[in-house]
Structure formats: structure tokens, C-alpha cells
Amino acid sequence: MNFFVIVFQVLFAGLAIGAIYALVALGFVLIVRATNVVNFAQGDFAMLGGFAMVTFLGTGLPYWLSIILALVVMGIIGVVFNLGVYYPLRHRSFLPVIISTLGASIFLQNTVLYFFGPQPRPMARVFKTQGIEVGGVFMDTQYLIILVVTAVALVFQYFLFERTLLGKKLQAPSQDKDMARLVGIPVASMIAFTFIYSAILGGIAGVLVSPVLFVTIGMGSMIALKAFAAAIIGGFGDVTGAIVGGLLLGVVEIFGANYISVPYKDAFAFLLLFIFLLFRPQGIFGEKISEKA
Amino acid sequence: MKSLSFRDKPLLKRLIAPVVLGVVIAFVPFVFQLSPYVLNIFMQAATYSVAVLGMTVVLGYTGQLNLGQAAFFGIGAYAVGLGTVAIGLNFWISLLLGIGVATVAGFILGLTTLRLGGHYLAMITICFQQIFDLVLVNWMSVTRGPDGIPGIARPSIFGYVLADDRAYLLLCMAVLYATIYFVWRLPQTRTGRAMRAVRENELAAEVTGVDTLRVKVTAFTLSATLAGIGGAFYAAGFAYISPDNFNFAHSIEFLTMVLLGGAQSPFGGAIGTSLLILLPEWLRFLKEVYLAAYGLAVILIMVFLPTGIWGLVRSRMDKYKKPVPIDVDSIPAFDLKITGNDPSPILKLDDLKKHFGGVKAVDGITLEITRGTVHALIGPNGSGKTTLLNVLNGIYKTTSGSVVFEGIDITEKKPHERAALGIGRTFQNIRLFPTMSVVENVMVGAQRGNNSIEAGSEALRECALSALKFVGISDKAELIVQNLPYGHQRLVEIARALAGHPKFLLLDEPAAGLNQTEKKELGDLLKRLRGHGLTVFLIEHDIGLIEQISDKITVLNFGKKIAEGDPAYVLRHPDVIAAYLGETSHATA
């Protein structure tokens, strides 16, 4: 009996961490779908969200207001990011653009380091209660919130992209920018919107995960790598794939840390990724696609 | 007589300036009294440069993003560190060990990742970098953990220990110069040209006959090897290494160095490395924000200096360079090398299908193409013509059915394997290697597998020039292809296919976008090809052109064959007219 309690306990924690990966992976997928480019600074959006939240909380503002302000800041960062990092290179091939987002990632991390210093910052939890116990399994309230908020964000995103005209317009530019422009889609604003939305999504992930992990400069890059691994494992470019991949990765990681080795916790995700690349490179839900001639 | 040989100056003459400069730099420490600190900076620049030149090959030449170069650098360094200190091996044996491990690691990582293309390599190399870091720090019993390895000894040559910093630096410079020379010569070799073709247009390279996977894996493995060499010399130079020297930040440093200097030339790599190692020394006041400045620099370089410092210098220098005139008359006539008249069909399709989900783009085509004929494929937009061509040369995998070329079932073969059997191709939306010269574009075609010409660069060049002369633009041979007008670019693409001496040529709408004069010239070219007995299969919308040149026409509609026969019959066939004009079919009514 005790064994199952522990398994459920670990599974719960794994799903919660996996949900964070899924949120960041979704940000990746959105930008890939709008621009065909992987944003290497996606994880740093989570880091920035965490720092913004800690800063607002530090000034004594109430929790809910801090969240709103932090997300507004993220929206602004999305605008600036789009204008500074993507827009000047929009006519070039994907290589300069991803190198540019990589530069942005280093810039953001080290700028924050300069202003906030290297020490990790704790963030208050949403609820004072540590958690609730169900059948011997202890459920951390912060983990519950992570799961609930992620679920809501996913449903919202599903409706936005699959059921609304705006969602279709957001996806059109990646298929064919010129054709999208010809049928009257404002391509530049659609891409700008995608960056804003992804930045906010990253910010939400950062705000959610910070009470569990502490706010640090490097938190984003590790989350981003795993989120990317999640996106590949799920099937690159596929929304369901990003979610399933994220959850799977979180569970594997927590199980590995619990039963195999703590120092190598971060390596399990990458090993899983290698295994997928070897045996099923198109991921769980992916279809093999080839370039159109 | 003007020769067809490379460039304007012989190799030796071009080498004089760089060799003199290199020797001067290498002997600076012996002439001037330099502090050990400055010598250390020199040593760092020399060993880092070797790793950065690996980035030149993989990123600059081949267009693949490697973000784990510091890990391969670390493999070389730890091989020397652990080999000499922990196991007590000789430096040179440790060096070979390090190079071996780095090379094998690069090969395995490349082979698993590069099948996927695009963004994968970048992310996977970061993952590799992170795992490497974790192992260095945590596997204490072997790597000695975060404390690192002190007391690494200098190597000796013929019993003479290079304990003097200046003598060891000289060795590092010699290694660096050898690397620069190798990397500098690489682009003019078959493999180097193939690498650049992959960077410029991977799909076109594959279809032209380049084994793109092999080329990408070669480039990536080579970059890992060079990083291993650099790391090994770095370790012996500084006597102490720790995991901090080989983390992700250093991979980014290598990337920034190659981008700043210019990724497409080894000189750029060396300049970028030297600058970025010296800059932090000069800009000490930036210490706290220097990594932030790095990040910003990467973005700014991408926006304002996409070809790096060397690229900028190069383009200024090229302005003063006189174009080399090409003696068109001395170019030998092109030999298409069509032999025999085997009566069996050259290509047979049997119930070929290609479905995309529910869309039946090609839906059960059975077709035979007779050797030595011009066979046209027509049909309304969206009838599956280009899809059929893409299945024929292997860009798309067939859903079912078979493709048999000269009696060999090629249904499962990759595009470059089909090119090696003698299938050439052009594209509807021209796919050239834009920043390469016209003749280089065509040379990539000439170097396809099994092409019946000599292997040397001179023979390839001669074949390429002959093919250009055949299509009538050999005077443009040395121009950069993206600067040519559209009509000429089409001809370059045809010449590229012809230089591979194809037995079977696929043309996808060759007349699209051409004006009347160009169309007439194209028609004449196609007639000449037919006269030489080349089998051509072409998609075309210009019915006038088709009537003039084709022996047989096949008509597609909704992925199915609706008519086939000689032009006079097919073009008057009621089903064909109905399909084009959008009326209901008379025949089935």
C-alpha cells in the first residue's frame, strides 16, 4: 500500500512540474507556428515573470495585483522582444533569427543578474495552507494551482486557435507570409500578438513555478530546454504533443530523481529525448513532414 | 591561351601574404619581452581559434548550429588532463585519445540528430552540453568534480620539454596555422562545395546528388574533432582545467567569436576569437555586464553585420578586384554521353499513389517513358503534377506502388541515390545555391555520384563550364548566381542538372516566368537536348511549347491519368479540354 502512495505522490509532483514544461512548450509551439522559428529566450520569459512578480510582491502590493502587473510587464517585454529581436530579421532565413533569440536570452539573463544579483529569491505561495491529504497522498496547494491554471490556459488556447478566426489568422503567416498578406491578414501585427501572448504564457509559468523552485537567473534556460525536449517528444509543432510531452517529461524526471539519482535529475529528460530521437524522431503525435518542392 | 584553372592567382602566390603575417605573429614573443600574462592570452587565443574554426566548418560552411562546442573542447582538455595526470600517459597519446573521443561523440550525436534538420541540432547540442557539465561536476571519482585537475604537464618534442611559454605557444600557433590552411582549402574541395550547397539549399543539394546527411554529419564531426584538438592544447597550456572552463557560456563564446569575425572564412574565425579574447581585457570596466554585452552583440551582429568583420572586409576588397574574363572559345563542347538505344522503357510507374492524409494527390498512376523521347505531363493546377515529380525523384515517399528506373526498383531510394543513377531535375520555383558562383552551382551538379568524368576539381570545372556553354551562359560563369536575371537562373539550373550527365531529366515548368524571347531560346535548347537523345519528362503549361517539342503527352486530373498519346491526339481529346475548361466530361456522360 505504502508503495502506491509513494508512486502517486511522485506522479502528482511529476505532473505539476510537467505542466510547467507544457506551458513553456506551448509558447515555443506558438512562435514556431507563427514564424517557423524556435525562440531560445522562451524560458527567460518565465524567469522574467518570476522576477517581476517578486519585485511587485516586495513593494507590498497584494498578490492578485502583483500577478496582473507582472503579466502586463510580460506583455510589454513581448512587444519589445518582437521589435528588437525578430522584426529586423524577419526577411532572413531561420538561422540568423534563432541566433538572435539566443543572444536575447543571454542578454536578458545577464541584465537581470546585474540588477538583481545572483542569490535565489523565495516567492510567497498563493495559499498559506501547505496542502491537503487525499488517501495518504499529500497534495501541495501550489502544485494543485499549477495544474488547474495550466488546464485553464490550455482550454483557452484550444478555443483561441481552433475555434476563432483570430486563431486562424495567427497561424497563417507561418504557412505562407505573402499569401497571408494577400488575403488581408495583417502579418506583422499577428506575429507581434504571438510574441506578446507567448511572453505572457511564459510569465504565467514563471509566476506559478517560482514558489516551488525559487526565482533564479538560470531557472528559465533549464525549463526551456526541457520544454523543447517536451515539444519534440510530443511531436514538434503539435499542441497536444507539447502538453503530453511536458507531462511525460515531468513524471519521468521526478521518478528518476526519486528512484535513481538526484544529481543527474536534469539528465533524465535529455536521455528520454535521445531515445525518442533515435527510435521515433517524429514524436508521439508527429507526422513526418517533408519540405515542399 | 587562357586556362580554365582556378581564380586569378596561383596558390603559392596567394599564400605569401598570410604566411608572412603568420610567421611575424608567431615570432612576436621571441622578439619583444612579453609578460607571462600576455603570453597566456596569446595561448588562449590560439587554442580557442582551433575550436572556433570547427564552428566555421559546421556553421559557416554547412549552416548547422552547434551550441555544444565547449563540451567537445572539454573532451579534448579532459583527455589530456586525466590522461597525463591521473593515468600517467604521454601527452601525445592523450591528445590522440581526446581527438578520438571528441570525434566519435560528434559522429554519434550528428548521426542521430542531423536526420531531422532545422532546429534540432541546436537544441540537442545544448542538451549534450548540459549532460557533459553534469557529468564533469558529479562523477567525482573519474573527473575529480568541480575542483578540476591541476598540474597538467607540457608536452615534449624529441625529448625537449616545451616548458617555456614561448616555445609552447609556437607549437600552438603551428597547429592553428595548419588548421587555418585546412579550413581555408576545404570550400574548394568536393566535400566543401557540397557543404556550402547544403547551407544554401538543402533540398536542391540532395536532389542534385549530394548525400546531405553524410555531408552534415561530416561537417559536425569535423567541428567536434577540431574542438577536441583545441581543448587538448588548451589543457596543457594552462596546466589547470575545471568544469567552469567548458560550460554553456563558453559554447556561446565560441559562437559569438565565429559570428563576429565572419563564419564563412577561417580568417574571420581567427580574427573574431582574438578580438573577443582581447576585448574583455581592454574593456575591463564592462566586467559585470560583459556577458550581457555579449548577448546584445550577438543580436547586433545578426542585424548589422551578418557576414562578420571578415565578410565586410572581403566585400570591400572584392570591389577592387577585376573580374576574370572567361575565354569562351577554349571551353570544350559539352558531351551529353547518351549511349545506345535500348528499346525498353527508361522509367516505369506501377499504380503509383501519394496521399497526404485524405488528399489523394497522386492516385494510381501507371506510366511508361520511352528512352530518347520528350514526354510532357500536363493538367490543371492541383492535378498532382509536381507531386508526381517529387515522388519520382524521392522528395516524397510513395504511399503505394512502385517506381522502376532502368530495371532497378528505386521506390525506396533517397533523392541523392536517384541522382547517382542518372535522374536530373529542375524546380518550378528555382532552387539554386544563391551566394555561390554560377560555375560552382553547376560543379555541384557535376560531382554527383557515378558521374562519368574524372574526379579532380579541374575536370569538374571543365565539365561545368561546358554545360554552361551548352545552355549559352558560360560568360557568366564567375558571377554570383543570385545576381543573375531570372531567365539566366533557369538556365543555370538546367546546366546544373546537365553537368551530372543525367540519363533522364525532369523539368518542372521550365518556361514559367520567361518572356517570349527566352521561351523561344528554351524551346531551342529542349530541341537540342532531344536531338542528342536525352530522355526528358517535363511539366509545362505553355501548350504551344509542348506541341513543338514533345513526343508524347500524359494528362493528369485529380491525381489520375485521364489521357495519354501523341500531342495531336491528346490536345484535342474532349476529356482534356473539359478538364482545362472546367466542363463536365462528355466521354463519361
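Student: Which residues does B:Val80 touch, leaving aside those up to four places away in sequence?

Tutor: This is a predicted model, and in it B:Val80 touches B:Phe91, B:Ser94, B:Leu95, B:Gly98, B:Ile152, B:Ala232, B:Ala235 and B:Ala236. B:Val80 itself belongs to helix α3 of chain B. Its C-alpha is 8.8 Å from that of B:Asn90, which is ten residues away in sequence.

Student: Is B:Val80 buried or exposed?

Tutor: The test is a count of neighbours: 20 or more other C-beta atoms within 10 Å make a residue buried. B:Val80 has 30 such neighbours inside 10 Å, and therefore counts as buried.

Student: How should I read a helix, such as α4 of chain B?

Tutor: Begin with the general pattern. An α-helix has 3.6 residues a turn, so residues three or four places apart point the same way. Helix α4 of chain B comprises 23 residues, 91-113, and reaches 32 Å from its first C-alpha to its last, close to the expected 33 Å. Its buried residues include B:Phe91, B:Ser94, B:Leu95, B:Gly98, B:Ala102, B:Gly106, B:Leu109 and B:Thr113.

Student: What covers the buried residues of α4(B)?

Tutor: The cover includes α3 (69-87), α5 (120-138) and α10 (212-238) of chain B, together with α11 (265-279) of chain A.

Student: How many residues does each chain bring to the contact between chain A and chain B?

Tutor: Chain B brings 35 residues and chain A brings 33. On the side of chain B, at least two residues come from each of α4, α5, α11 (248-261), α13 (290-304) and α15. The largest share, nine residues, is that of α13(B).

Student: How is a sheet to be read?

Tutor: Strands of a sheet pair through backbone hydrogen bonds, either parallel or antiparallel. One reads the order of the strands and then the pairing. In chain B there is an open sheet of six strands with mixed pairing, in the order β8-β9-β10-β5-β11-β12.

Student: Why is one side of β8 and of β12 in chain B left without a neighbour in the sheet?

Tutor: β8 (423-425) and β12 (560-565) stand at the edges, each with a single partner strand, so each has one side without a neighbour in the sheet. From one strand to the next, the twist averages 20°. Strands β11 (552-557) and β12 of chain B run antiparallel and are joined by five bridges. B:Thr554 stands opposite B:Glu564 in β12(B).

Student: Which strands does helix α15 of chain B lie across?

Tutor: Helix α15 (385-392) lies across β5 (374-378), β9 (504-508), β10 (535-539) and β11 of chain B, and runs at about 145° to β9(B).

Student: How is chain B divided into domains?

Tutor: Domain 1 covers 11-247 and domain 2 covers 347-581. Their centres, taken over C-alpha atoms, are 43 Å apart. In the contact between them, 18 residues of domain 1 meet 23 residues of domain 2. On the side of domain 1, α8 (190-200) and α9 (202-208) of chain B are the elements that give two or more residues. The residues of that side divide into seven nonpolar, five polar and six charged.

Student: What is the secondary structure of chain B as a whole?

Tutor: Chain B has 23 helices and twelve strands. Of its 589 residues, 49% count as buried.

Terms used: Residues numbered from 1 in each chain as written. Chains lettered and ligands numbered in written order. Predicted model: local features only at pLDDT ≥ 70, side-chain atom pairs only at ≥ 80, totals over all residues. Domains from an automatic or database assignment. Contact = placed C-beta atoms within 7 Å. Helix = DSSP H or I, 4+ residues; strand = E, 2+ residues; numbered from the N terminus. Nonpolar A, V, L, I, M, F, W, Y, C, P; charged D, E, K, R; others polar. Expected span 1.5 Å × (residues − 1). Buried ≥ 20, exposed ≤ 12 C-beta atoms within 10 Å, placed from the backbone. Pairing = 2+ DSSP bridges. Axes fitted to C-alpha atoms, helices over the stretch in contact; angles between N-to-C directions.
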